[in-house]
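I opened a new structure today and kept notes as I went. Here is what I looked up, entry by entry.

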Amino acid sequence: CGFRPRASLALADELGPVKVSTSDPYSPLGQGLSVALTRAGAAPAVEGQPSAQLRVLSESLGTRPLALDRLAQVREYETTYRVRFDLVGADGAVRVPAQDVELSREYTYDSVASAGSPAEQALIQDELRREMQAAILRRLDAVLRAD
Amino acid sequence: RSTDRSQPMDIDADSTDALLGDDAVTTMNGNVRIRQGTLEVDADRAEIHRAGGDISQIVLTGAPARLRQVSDTGEPMDARAQRVVYDRTSEIMVLTGAVLIEQPRGSVRGETLKYNLDTGRIEGGGDGQGISMRILPKTAPAN
Amino acid sequence: QDPAPAADWALCPSPEGLPLFQPLADPATSAADPATLATDISAENLDVSGRETTVFEGDVELRRGGQWLGTDKLTYSHESERFVTEGQVRFQDDGIRFTADQAAGDQKADTIVLDGVQYQFNQNAGNGRADRITMRGDLGEMAGGTYSTCPPGQRQWEFSASRIDVDQEEAMGTARNATLRLGGVPVLWLPYIRFPTDDRRRTGLLSPKIGFDDRNGFDYEQPVYLNLAPNYDATLTPRWMARRGLMLGAQFRYLTARSRGEIEGTWLGNDDEPGRGYDRGVASLRHTTSLGPNWYASADLNHVSDVFYFDDFNDSLASTSITLLPSTAGLYGRGYGWTASLSAQRWQIANPLVLPGTEPYRRLPAADLRWNKALLPWMEFGLQAEAVRFDHETLAGGTRVDLRPTLRLPFGGAAWYATPEFSWRYTSWSLDGGLLAPGADRSPTRSLPITRFDAGAFFEREFAWGDGRLLQTLEPRLVYLNVPYREQDDLPLFDTQPLTFSWPGLFRDNRFGGADRQADADQVTLAVTSRVLDTADGRERLSASLGRIHYFDPPRVTVPGAPPLSDDGSAWVAEASLTLGQRWTLGLAQQWDPDRERTNLSAVRSQWRFGDGGLVNAAYRYRADVLEQGDLSFVVPVNDRWRLLGRWNYSLRDRETLESLAGVEWKSCCLAVRVLAREYIREFGGDRNLGIYLELELNGVGSLGRDTARLLDDAILDYSR
């Protein structure tokens, strides 16, 4: 039905060295993206030399009640991770237009037995970060491959 | 300045063709220099019109014609224009063509200016251009 | 909501507004020190006869740097470098323009005094009149002035003040002894207000929050913004409630070279409400200090006076249903391939239905290290280590150390990957006396290998769609997990509970959150995902996934109260999301348990955007034995002035409305008025709280009124986006 194995990731040759920049210097997403880009074959940027820039323009990670019961007790929380990014080539041309990626996960909550909730929230945040890295790379690849 | 008029006026130029007669026009060409009291005029060409023996009008042209005078208040004035028509009866001087009048208080520019020597009033010549004065701040050196 | 762009009075055109007299000068020209600039005055004629004065007459224009002044007659005295005008005056500089009856200027001191003035800011819609304005360089001081962003002819709101100072450098205005008039009716007096004179700053006047609800009766809150210094400011917020008295709120924000933070608190002295006659309040500190490129310290400390506080004083179901108030502080580090933290965390119960003693354990402290090194492109070594001291108000505590070295062999190419992963989990506890059954081991340990094999492939095909090209992917994935069984029933439960089963749950190597339990497993997960991506911008138009875990050997590790697991395998998990253009999104999630032949979870969520800011969200959520709800929220622009807002959250399981909200918004070019009615259930006794809230937004003066974007964002998903 027309499916064939994915050709090699277009990142390496299309882009040249790539530098990941984030608004929050301590953002784990920035680190994760650098590692993922290197593994996908992109050359890491060398200080001082022009390089493509994958810019994480904004990040927001928040948890809010999703569903409550008739005693106004929260029964489900939703953690949403929203990232706005774009990709600018070494020559300054915008290769991937600024766009938002929004991932969210729900988890149940019982106010009576809430001991494990913090651990679950931390795990979900880690998983959302890894999922976000993959989502951003997929989008880069889809655009760069088509150019 | 008002005292200038009572001063002797001496005029000289490279060449002069003077016509005698009370209402004749004297034309002077080349390095025309007129001195009367504090009034100093330098121009390329001058026409001096007489009426009834007295000078009624002087027309000066130059590139530019230049006219310097010290006002009663002791303020020097240095005016330049391509053409200056000085009507002695009305004491009005009409300057046209890249007119620049410089005084310590500021420099006035315009295309057509009417300068009333009696009242000290400078009128824009009604050519829509108006006139403008540039006043430098006291501290800055005069440019 | 962005403040109205400069003088954009599309919604209420007004002829009386002051046109721009001159094209705005390029700011660079006026940057020079005014004292050194020459003054150019042009006119129809001028009279230089005066002793030291020149009189200009007829269409007089004075220019200096960015300043321009036009009048009929102007007398300039050269000695003092002063001038006086006669006849109507028009003045403009980079930030502001006026018309005035009369003006007198001093070029040396660079001041201009204008009387009988009507002014208009160049950069925003702010305008008004003043008896006298003294312009001193960038500073303007108005005596007996008015200010509004409404056009001169239609004063829907206006501030009048004995004195208004404008700092064009800071682009901020400050009014003293100010009276706010709405439609000409004085409604509010303020000793001191600040407002932005261009749209650089968002802060500015914070307006009253006016409301009425069952709990507090009439509720009036008046924030006063104090810009104390460039790097710290404060907002004082007195709030008067008819049935409770005066509550004082304060928020202090600070910013230094390496730190920034916010201290916030409220305090109500002995609440007048019967049954609550004690001091009420909440306090919180958020602080971050950067300690170099890799390390930072941060604190997020909170304390509330009593468990009824949020239910009594917050204003939405989301904010009144806060159950636990966390306080965390720690040292965090992050570098290439490692993260580490040393932190402390405690919880405070903030909800009457949470019994004392059931709050989570305190972690005093918790040390966490994750480190990962690629020894070879296909070999990675990692270590995850955690040491925590658990403490509790009533229960006995203990210490736990959890170590997990891992060896990963990430083989793969562009179209496939296969990653065997071998890790060893060693966990040891040392328990305080109280936790132990007689004769039990005080320092139990658990040690087991975890073997995981994660493999997947990527297939894809491109096809034309409309005028673009789409890329569809097919991503099958297989994860085999093997963890031997270890008897763990007598191990403590400090921070461990079963994780919610969901799509990520298919690929986790532990069914429990926290290290007190490591689930045994001999299972394989089969899953497939297909996505459709737009090759023009990479956006994901569609993604659909399906997966299930098959148990070769049914899992035995469990905790009291955990949902029973079937022998054969997990529930099927299906998820899909669809985006059509920029306007419409749909999300589906379904979990079907073949063993018990029932649906565990079914969720549908869709959002539709239309018109100018129109928005409809519709959602259905069913979770077996827990909840079944519908949630509809909408923002419908009726025309460019009126908008209807609403939300209805209905529990089908309890056949009861959980929260409903209805609102109407009227917007003009300079004023937005919102009236919202909100009813939501309260915690105990099941009674409900009905609140009516009035919200004013003086456009161009920073948002004014209850932070509607947040209030509605809670209720209407993505309202503010």
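**Entry 1: a buried pair**

I began with Asp534(C), which is buried, with a relative accessible area of 12%. I kept in mind that this is a predicted model. Next I asked which residue forms a salt bridge with Asp534(C). I found Arg541(C), with the closest N and O atoms 3.0 Å apart. The cut-off for buried is under 20%.

**Entry 2: the strands around that pair**

I turned to the strands here. Strand S34 of chain C covers residues 521-534, and strand S35 of chain C covers residues 540-551. I noted that S34(C) and S35(C) pair in the antiparallel sense over 11 bridges.

How many residues lie between S34(C) and S35(C) in their hairpin? I found 5 residues between them. In the turn, Gly538(C) has a positive phi of about 80 degrees.

I then followed S35(C) to its pairing with strand S36 of chain C, residues 572-580. That pairing is antiparallel too, over 6 bridges. Here Ser545(C) has Glu575(C) in S36(C) as its bridge partner.

**Entry 3: further salt bridges**

I searched the whole structure and got 73 salt bridges over all chains. I picked a few in chain C to look up.

The side chains of Glu665(C) and Arg643(C) meet in a salt bridge, at 2.9 Å from N to O. This pair links distant parts of the chain, 22 residues apart. Glu665(C) sits in strand S42 of chain C, residues 656-667. Arg643(C) sits in strand S41 of chain C, residues 642-651. I checked burial for each partner. Glu665(C) has a relative accessible area of 0%, so it is buried. Arg643(C) is buried as well, with 14%.

Next came Glu679(C) and Arg688(C), whose side chains meet in a salt bridge at 3.1 Å, N to O. Are these two buried or partly exposed? Glu679(C) has 25% relative accessibility, so it counts as partly exposed. Arg688(C), at 24%, counts as partly exposed.

I also noted a network. Salt bridges that share partners join Arg244(C), Asp271(C), Arg276(C), Arg280(C), Asp306(C) and Asp312(C).

**Entry 4: chain C as a whole**

I stepped back to chain C. I counted 4 helices and 44 strands in it. Chain C has 721 residues, and 50% of them count as buried. I then took its contacts between residues at least 6 apart in sequence. Of these, 47% join residues at least 24 apart.

**Entry 5: which chains touch**

I found 2 pairs of chains that touch, and the most contacts are between chains A and C. What about chain A and chain B? No contact joins them, and their closest C-alpha atoms lie 46 Å apart.

**Entry 6: chain C against chain B**

I looked up this interface in detail. 26 residues of chain C are in contact with 21 residues of chain B. The size of an interface is often given as the accessible area lost when the parts come together. For chain C and chain B I got about 2,000 Å², 49% of it on carbon and sulfur atoms. Leu46(C), Val48(C) and His78(C) supply 28% of the area that chain C buries against chain B, more than any other three residues.

How many salt bridges does the rule find across this interface? The rule finds 1. Asp40(C) forms a salt bridge with Arg134(B), the closest N and O atoms being 2.6 Å apart. I also counted 4 residue pairs in polar contact between chain C and chain B.

Which strands of chain C each supply at least two residues of the side that touches chain B? I listed S1 (39-43), S2 (45-47) and S3 (53-64). S1(C) gives the largest share, 5 residues. By class, I sorted that side of chain C into 9 nonpolar, 9 polar and 8 charged residues.

Last, I looked up strand pairing between the chains. Strand S9 of chain B, residues 121-124, runs antiparallel to S2(C), and 3 bridges join the two. In S2(C), Asp47(C) is the bridge partner of Arg121(B).

Conventions:
Residues are numbered from 1 along each chain as its sequence is written. Chains are lettered from A and ligands numbered from 1 in the order in which they are written. This is a predicted model: local features need pLDDT of at least 70, side-chain atom pairs count only at pLDDT 80 or more; totals for chains, interfaces and linings use all residues. Side-chain values use heavy atoms; hydrogens and water are left out. Contact means heavy atoms within 4.5 Å. Buried area is the accessible area (1.4 Å probe) that two parts lose on being put together, summed over both. A salt bridge is a side-chain nitrogen of Lys or Arg within 4 Å of a carboxyl oxygen of Asp or Glu. A polar contact is a pair of N or O atoms within 3.5 Å; within protein, one must be able to donate a hydrogen and the other to accept it, and residues adjacent in sequence count only if both atoms are side-chain atoms. Ala, Val, Leu, Ile, Met, Phe, Trp, Tyr, Cys and Pro count as nonpolar, Asp, Glu, Lys and Arg as charged, and the others, Gly among them, as polar. Two strands pair if DSSP finds at least two bridges between them. Buried means under 20% relative accessible area, exposed over 50%, partly exposed in between (1.4 Å probe, protein chains only).
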